[in-house]
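Have the sequence and the 3D view ready. The report below walks through selected spots, one at a time.

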Amino acid sequence: MRILLAEDEKELSNALVAILKHNNYSVDPVYNGVDALDYGLSENYDVIVLDIMMPGMDGIQVLEQLRQQGIHTPVLMLTAKTEIEDRILGLDKGADDYLSKPFAMGELLARIRAMGRRKAEFTPNMIEAGNIRLNKENYELSNGESALRLGNKEFQMMEMLMVNPKRMISTEQFMERIWGYDAEAEINVVWVYISYLRKKLTSLDANVKIKAVRSVGYTLEESDD
């Protein structure tokens, strides 16, 4: 699960990032409302955690803009304020949950898990493309007769390709979504994982294949064979 964390207190942000990563979440931290909106509009996230009091734009403004732009990613609001009016305003603007500072890390993690479960209720567990199916619960790629289990990054790449059939996905989009904006991984790691996926599709006799357009990106299309 990828999380966008918008929190302007850098010490708190660093602590939250460390704990979230320890719990196997991918996290992109930003420290102001303008960046929060920019990153949030990319639709790269499963959950967005927004502090209300931020420079540039406050969390309520960011939330309002995201919802107006059709971004339905679950949003958890953080605030030092305890007034009921602030909670009502955030919920009315489209927040999914609220957590007041100071909070216990266990509660934050529980709320994120709950938001992830709610999102999953509206997302099918099986994705299909051609004669290939991808099971989101066990990361298996199958052709109905045999199956292969994908690694975490392989699964995320395959999912992006299968939910966006015939749509070109750039190397940069893969990097941002899977490795994160601040990842130290080299950009050619995308090509390496594309190679892994192509071999697995071939071994499953898939009638779809990953096509590359030089300097543009990759797309999943029906095979010409």
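## Pro102 and a cis bond

Pro102 sits in the loop between strand S5 (97-100) and helix H5 (105-121). Helices (H or I, at least four residues) and strands (E, at least two) are DSSP runs, numbered from the N terminus. The peptide bond from Lys101 to Pro102 is cis, and its omega is near -10°.

This is a predicted model: local features need pLDDT of at least 70, side-chain atom pairs count only at pLDDT 80 or more, and totals for chains, interfaces and linings use all residues. Residues are numbered from 1 along each chain as its sequence is written, and side-chain values use heavy atoms, with hydrogens and water left out.

## Positive phi in two loops

Asn24 is not a glycine, yet its phi is positive, about 70°. Its place is the loop between helix H1 (10-22) and S2. Is Asn24 buried or exposed? Asn24 counts as exposed because its relative accessibility is 68%. The cut-offs are these: buried means under 20% relative accessible area, exposed over 50%, and partly exposed in between (1.4 Å probe, protein chains only).

Tyr139 also has a positive phi, near 65°, in a residue other than glycine. Look for Tyr139 in the loop between S7 and S8. Its relative accessible area is 24%, so Tyr139 is partly exposed.

Asp28 belongs to strand S2 (residues 26-30). Asp28 counts as buried because its relative accessibility is 3%.

Which side chains join that of Asp28 in polar contacts? One is Arg2, at 3.3 Å. Another is Tyr45, at 2.7 Å. A polar contact is a pair of N or O atoms within 3.5 Å; within protein, one must be able to donate a hydrogen and the other to accept it, and residues adjacent in sequence count only if both atoms are side-chain atoms.

Helix H2 covers residues 33-40, and its buried residues are Gly33, Ala36, Leu37, Tyr39 and Gly40. Their cover includes S1, S2, strand S3 (47-51) and H3. Asn32 caps the N-terminal end of H2. A side-chain oxygen of Asn32 lies 3.1 Å from the backbone nitrogen of Val34.

Val62 is in helix H3. Val62 counts as buried because its relative accessibility is 0%. Leaving out residues up to four places away in sequence, Val62 touches Gly33, Ala36, Leu37, Leu50, Met54 and Met57. Contact means heavy atoms within 4.5 Å. Val62 and Leu50 are 12 residues apart along the chain, and their C-alpha atoms are separated by 8.4 Å.

## Thr73 in its loop

Thr73 lies in the loop between helix H3 (59-68) and strand S4 (75-79). Its relative accessibility is 9%, so Thr73 counts as buried. Setting aside neighbours within four places in sequence, Thr73 is in contact with Tyr45, Asp46, Val47, Ile48, Arg67 and Asp96. The C-alpha atoms of Thr73 and Met115 are separated by 9.7 Å, and these residues are 42 apart along the chain.

## Helices H7 and H8

In H7, the buried residues include Thr171, Phe174, Met175, Arg177, Ile178 and Trp179. Strand S1 (2-6), H6, H8 and S11 are among the elements that cover them. Just after H7 comes Gly180, with a positive phi of about 90°.

H8 (residues 189-203) has 15 residues. From first C-alpha to last, H8 reaches 22 Å, close to the expected 21 Å. The expected span is 1.5 Å times one less than the number of residues. Val189, Val190, Ile194, Ser195, Leu197 and Leu201 are buried in H8. Among the elements that cover them are helix H6 (152-163), helix H7 (171-179), strand S10 (208-213) and strand S11 (217-222). Asp205 follows H8, and its phi is positive, near 55°.

## A pocket

Which elements each supply at least two residues of the lining of the second largest pocket? They are H7, S10 and S11. The lining includes Thr171, Glu172, Ala212, Arg214 and Tyr218.

Conventions
1 Å grid on protein atoms, 1.4 Å probe; cavity = no way out; pocket = protein on both sides within 12 Å on 5 of 7 lines; lining within 4 Å.
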